[in-house]
Amino acid sequence: MPAAFPSSDPAIPTAPLTAEMRDALRAIVGEKGLIEDEHGKRPFVTDWRGLLVGGAGAVVRPGSTEEVAKVVRLCHQHGIAIVPQGGNTGLMGGATPWPAHTGIVLSLGRMNRVLDVDPVGYTMTVEAGCVLQTLQETASRHDRFLPLSLGAQGSCMIGGNLSTNAGGVQVLRYGNARNLVLGLEVVLPSGEVWDGLRALKKDNTGYDLKHLFMGAEGTLGIITKAVLKLWPAPKDVCTAWLAIRDPRAALEILSEAHSASEDNVGSCELMSRAAVDMVLRHIPGTQDPLKADTPWYLLLEWSSARARQDGAEGMSEKMEQFLADQLEAGRVLDAVIAQTGNQSRNMWRIRESVAEASRAEGPGMSFDISVAISSIPEFIARGLEAALDILPTIRPYPLGHIGDGNLHFSFMGPSGMDQQTLAQYKGAITRAVNDLVTSLGGSISAEHGIGIDKLDELSHYRSKTELDIMRTIKRALDPQNIMNPGKVLRL
Ligand SMILES: Cc1cc2nc3c(=O)[nH]c(=O)nc-3n(C[C@H](O)[C@H](O)[C@H](O)COP(=O)(O)OP(=O)(O)OC[C@H]3O[C@@H](n4cnc5c(N)ncnc54)[C@H](O)[C@@H]3O)c2cc1C
């Protein structure tokens with residue numbers, strides 16, 4: 001598998017782990033917390049897509065904040081680089097060490113305790129290594145709801161979610177990961193612990209430091225604990241799969257859905273027929289909810305915290321009436337409302353399996369972009385034209401969180417083309433797509449972050465002022481550049 005690292009490595013510290021350092025690390029985390037053999041390290045130095053394989057002197061798995069702090073202090077003293085890692089599902093290479101990395105990968109996986117659930121105050125205090133799905137289930141057992149939801153939820157960890165400021169399928173209503181947080185505990189690159197683990201809704205005491213660490217992709221410190229906000233558990237949920245006229249119709253449907261649902265729209269996901277077909281090809285057990293003659297579909301979900309009352313109109317009845325109106329208006333061509341949990345799960349499985357299906361499909365490229373919601377149809381039309389001009393046989397399968405103005409503008413390589421040949425077109429297509437995004441006032445990374453993949457794109461599109469502010473913050477907190485070096489920013 002060819003390495004997809006950018007050509008020039010940045011100036012990352014390459015101080016090796018000496019035998020004394022290894023002994024010191026073992027003394028902190030114990031034998032089970034230190035992985036030194038190549039086979040054991042392999043999953044931690046390889047990214048989820050299997051495209052990047054980096055290096056590491058060792059993988060260190062601390063079991064507590066105190067252990068994290070001791071490990072970081074030791075690395076700080078010896079100038080050893082650290083790559084923090086959660087579930088290793090990030091799609092930008094942020095959790096993957098560079099090939100020249102001789103330091104450690106610090107995996108948070110053993111720090112997986114839920115420390116407190118406060119259903120009355122609607123909060124939950126957790127360690128960074130808790131798997132997202134476990135936290136959703138914990139909230140649900142207390143009749144509460146943790147809205148963060150994404151395809152990788154069975155393996156991504158909350159520390160990784162916060163460090164990437166993850167998005168997902170509920171942002172429309174609840175905001176992205178940083179909006180779900182009241183407080184954080186962070187181990188700084190010096191090994192000092194910042195205790196910001198407060199459960200306060202209001203706290204105007206100077207700079208709001210927690211927001212520095214969310215979305216920083218582990219370059220400013222290691223998140224070890226968080227206080228998360230919870231919501232009432234949904235009681236009446238209706239999921240529907242719509243064949244629609246075109247992307248503009250999707251926006252009009254969403255715009256009308258807010259009032260028709262009495263402000264209960266939870267998710268609104270746009271899918272192209274090509275994306276649906278790709279999932280049906282590769283993910284066993286998925287079934288096409290609706291065969292219709294259109295390239296565009298919407299997965300629309302409404303949910304209310306109020307239980308459905310006997311005889312009263314619930315979400316399903318409201319949705320039925322709404323879909324009839326939208327059919328009449330010509331925006332919806334056909335639609336099906338899930339009648340069972342299985343049908344709803346099948347719809348969600350199709351949406352959430354796109355990344356996995358694309359991995360099985362073979363070489364491709366994907367752009368995680370955002371523009372103002374109203375610019376989405378123009379972006380899709382012009383973006384497809386630009387990409388097809390460069391490589392007419394490339395196979396687009398756009399999809400996205402349309403209510404957030406966020407598209408995964410994705411392409412399968414032409415049939416039979418290998419990764420290396422496709423890579424020759426990647427630069428030109430990336431430039432065309434990102435120039436278009438920028439001309440529409442959008443962002444080159446909506447929710448996946450920068451990591452290694454978009455390092456050069458960030459420096460190309462962000463202003464000198466913005467890059468300088470980011471570098472100033474990085475140097476102030478991490479003057480030795482040991483914390484996830486060479487990610488997000490070139491110093
Ligand atoms: C199938 C699939 C679907 C996905 N869907 C979405 C989606 O809908 N929306 C979305 O936003 N993303 C999505 N992603 C991307 C990914 O799941 C998210 O970025 C997720 O938040 C990463 O969490 P993680 O625990 O796997 O982090 P990792 O991949 O381990 O790390 C991600 C970054 O955070 C840093 N980091 C990890 N833990 C910590 C910590 N405790 N402290 C400091 N830094 C840390 C790492 O160094 C790295 O830079 C998807 C990925 C897959 C594979």
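Strands S6 and S10 (residues 222-229) pair in the antiparallel sense, over five bridges. Strands here are DSSP runs of E with at least two residues, helices are runs of H or I with at least four, and both are numbered from the N terminus. Two strands pair if DSSP finds at least two bridges between them. Look at Glu-127: its bridge partner in S10 is Lys-225.

A word on the source. This is a predicted model, where local features need pLDDT of at least 70, side-chain atom pairs count only at pLDDT 80 or more, and totals for chains, interfaces and linings use all residues. Residues are numbered from 1 along each chain as its sequence is written, and side-chain values use heavy atoms, with hydrogens and water left out.

S6 has another partner. Strand S5 (residues 114-118) pairs with S6 in the antiparallel sense, over four bridges. Asp-118 stands opposite Thr-123 of S6. Four residues lie between the two strands of this hairpin, and Tyr-122 takes a positive phi near 55°.

Is S6 enclosed or open? Five of its five residues (123-127) are buried, so S6 is largely enclosed by the rest of the structure. Buried means under 20% relative accessible area, exposed means over 50%, and partly exposed is in between, with a 1.4 Å probe and protein chains only. In a regular strand, side chains alternate between the two faces of the sheet. In S6, Thr-123, Thr-125 and Glu-127 are buried on one side, and Met-124 and Val-126 are buried on the other.

Next, the largest nonpolar core. Such a core is a set of buried Ala, Val, Leu, Ile, Met, Phe, Trp, Tyr and Cys residues joined through side-chain atoms within 4.5 Å. This one has 44 residues, and those touching the most other members include Leu-242, Ile-244 and Phe-379. Domain 2 (236-354) and domain 3 (362-448) both give residues to this core, so it lies between them. The domain bounds come from an automatic or database assignment. Apart from it lies another core, of 31 residues, among them Leu-150 and Ala-226.

Now Gly-285. It sits in the loop between helix H9 (273-282) and strand S14 (296-304). Gly-285 has 61% relative accessibility, so it counts as exposed. Leaving out residues up to four places away in sequence, Gly-285 touches Asn-346 and Arg-349, where contact means heavy atoms within 4.5 Å. Gly-285 and Thr-224 are 61 residues apart in sequence and 38 Å apart in space, C-alpha to C-alpha.
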